Amino acid sequence: MTAALEIQGLRKSFGQTEIIRGIDLSIGRGERHAIIGPNGAGKSTLFNLITARFPLSSGSISLHGRNLQGLAPYQINRLGLSRSFQITNIFPKMSVFENVRCALLWAQGYRYSFWNMVSRSRALTEGAEAILDQINLLQRRDLPAGVLSYAEQRALEIGITIAGGADVIMLDEPTAGMSHSETDYIVGLIRTVTEGKTLVMVEHDMGVVFGLADRISVLVYGEIIATGKPADVRANARVQEAYLGAALEADH
Amino acid sequence: MQSLEKTQTRSDGGVSMKSAMPWIFSAVMLVLMPFIFQSNSAITIMNQMAITIVFALSYNMLLGQGGMLSFGHAVYMGVGGFVCVHVMNWEIFGSIPLPLLPLLGGVFGMILASMVGYFSTRKAGTVFAMISLGVGELIAACSVIIVVFFGGEEGVSGDRTYGIPFFGVEFLSQIEVYYLTAGWLLISALLMYLFSRTPIGRMANAVRDNPERAEFLGYSSRWVRYNSFVAAGFFAGIAGGLFAINYEILTEENLNLTTSGSILLVTFLGGVGVFFGPVVGAIVFTLLQTVLSLETEIWSLYVGALFVATVMFFPSGLAGVMQLHIAPIKLGTWRLLVMPYIITLVPAIICILGLSGLIEVLFHARHAAIGETEMTLFWVTFQHTEILPWVVFAVMAVVGFWLARKNAPQMMDAWHRANKPDGADT
């Protein structure tokens, strides 16, 4: 079985500085994979390279065995990879419902159609409402997305990310800046909406990481120093030294 | 639940009595207008209005719906119009019914837009604005270079009555042209409205708000913008065709930056965030342009001031201000607003009239022919050398300003109360 996401020899430099220094990573289908590491380790950069937000310097990335070299973000999305952003990235002036509906359009085969009325499609309306129900925003349906609370916007961001039915979901710090109860809510949400899908997430909250992930990769200074099951990573001496010891202490 | 969902779907824009009402009302109004305003000049003004509405709506497909600020939209209207006026001069025109001519303008507007859009819609923002400006200048400059097509300085003229009669109508009189224009206005406006409800129309809004996020939803921002751009070119071309039929002449003026700039002004004045905003803008602007220009030579000064005031105080435009009042009307609290509006806005109007009076007297004193001191303003005839008119206008301006300023907090307070559901009690 080919891996959902296969990364080989990935490197990225900004000018003289090499941010990603040779990453090899294979994420299996249906796996929940967390990427952790100290600030500035290149976690978000790795995300941006996989989704073609930035061009890579060398190496290769393949999705379900297909090389993503030279593809634009929208083409990668059409192959079944969807992502959220570290900084909330929604359509602030459009209604909450409209945000989700736009996320459904391509997946439902509307493409660049100018001969269908969106409001006449039951599948679109019901699909969008089902997602809103799932992310608990049905009550906020008609509000402009920009006026939602922070946690609600994060939930909407996840809703938009999963709406298109992509089977590889990438979440960049989904619980950043949230209170404990909000974090619990988002984690529960992530657990249900990514059922049966491949999940790749960057996360700082160790409670979330160890509760949710099947496997963990530790990224330090652009290199993966360990990959494995949570217990193995926790026990790894290099990880303890480089990052986890301090992070776990801070968490308690 | 079943019935709830149905009503939700409907209120979202499916065909229902509620969503069709504005259109039926507009159609009836368009039919009745010439019976209310019968004079020839009124019909001429209404024709001009209708053309400006089509043009402004097409412009708003870019600015309001797609977030593309264009400084060269006149080009697509102009080229559509030039093609139409050329066709009027060809032999073949004798076998084309005149009402179909704007469609040809639309097709040519669309062809030009599909070529320019290929490179201009790569990026929105400043890049798009600069390219639109450059292309606008380029084509306007072509008017004196490619004389065969653009007719040089005197432009190209034609005669609409050479077409084959359309059900016996030869379009000799203004009123016949009015109904042709009104028909196209209704069709174009409806099509542009429906476009905004299609997947591509919805994605145009998404790309406007956040092009990067749209890319991660499977849509190429560039291709979404390109589609809107081409559609906008089509409707601009239709406006051009209507212009050709109405005026039977097109000149460099139809392509240049002044025209491109004024349609931006019209659209913004009306409001870019609301579909009918450009309609309001076009009506108000055309009235100012035609009626005000009869009264004063410096009408464009007042239009400019109005534009600046709109940008500063009502960035959502006239239609936006109208829309803000839907909530108080629905809540039934609008009565709270009546008195505060009167005591603030009447002095404000007096202040504006006083200021414009001062400007007019000053303008007359500086620019009238030597020895001519008599002038008429607000139906009163006086000498600009007298001191009294200066004093009266100055007092109007100062007192009006003072009163408006004094009562403005009251108006704001009433506004806040009117927008609360329990407004009357607090």
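About 780 Å² is buried between domain 1 of chain A and domain 2 of chain A, and carbon and sulfur atoms give 52% of that area. Do keep in mind that this is a predicted model.

- Domain 1 of chain A is made of two stretches, 1-79 and 200-252, while domain 2 of chain A covers 81-165.
- Taken over C-alpha atoms, the centres of domain 1 of chain A and domain 2 of chain A lie 27 Å apart.
- Twelve residues from domain 1 of chain A and seven residues from domain 2 of chain A take part in the contact.

**Who buries the area**

**Polar and charged pairing**
- Five residue pairs are in polar contact across the interface of domain 1 of chain A and domain 2 of chain A, with both residues at pLDDT 80 or more.
- Salt bridges between domain 1 of chain A and domain 2 of chain A number zero.

**The face of domain 1**
- Two helices of chain A, α1 (43-50) and α2 (73-78), each supply at least two residues of the side of domain 1 that touches domain 2.
- The largest share of that side comes from α1(A), with four residues.
- Sorted by class, the side of domain 1 of chain A that touches domain 2 of chain A holds six nonpolar, four polar and two charged residues.

Notes:
Residues numbered from 1 in each chain as written. Chains lettered and ligands numbered in written order. Predicted model: local features only at pLDDT ≥ 70, side-chain atom pairs only at ≥ 80, totals over all residues. Heavy atoms only, no water. Domains from an automatic or database assignment. Contact = heavy atoms within 4.5 Å. Buried area = accessible area lost by both parts, 1.4 Å probe. Salt bridge = Lys/Arg side-chain N within 4 Å of Asp/Glu carboxyl O. Polar contact = N/O pair within 3.5 Å; in protein donor to acceptor, adjacent residues only side chain to side chain. Nonpolar A, V, L, I, M, F, W, Y, C, P; charged D, E, K, R; others polar.
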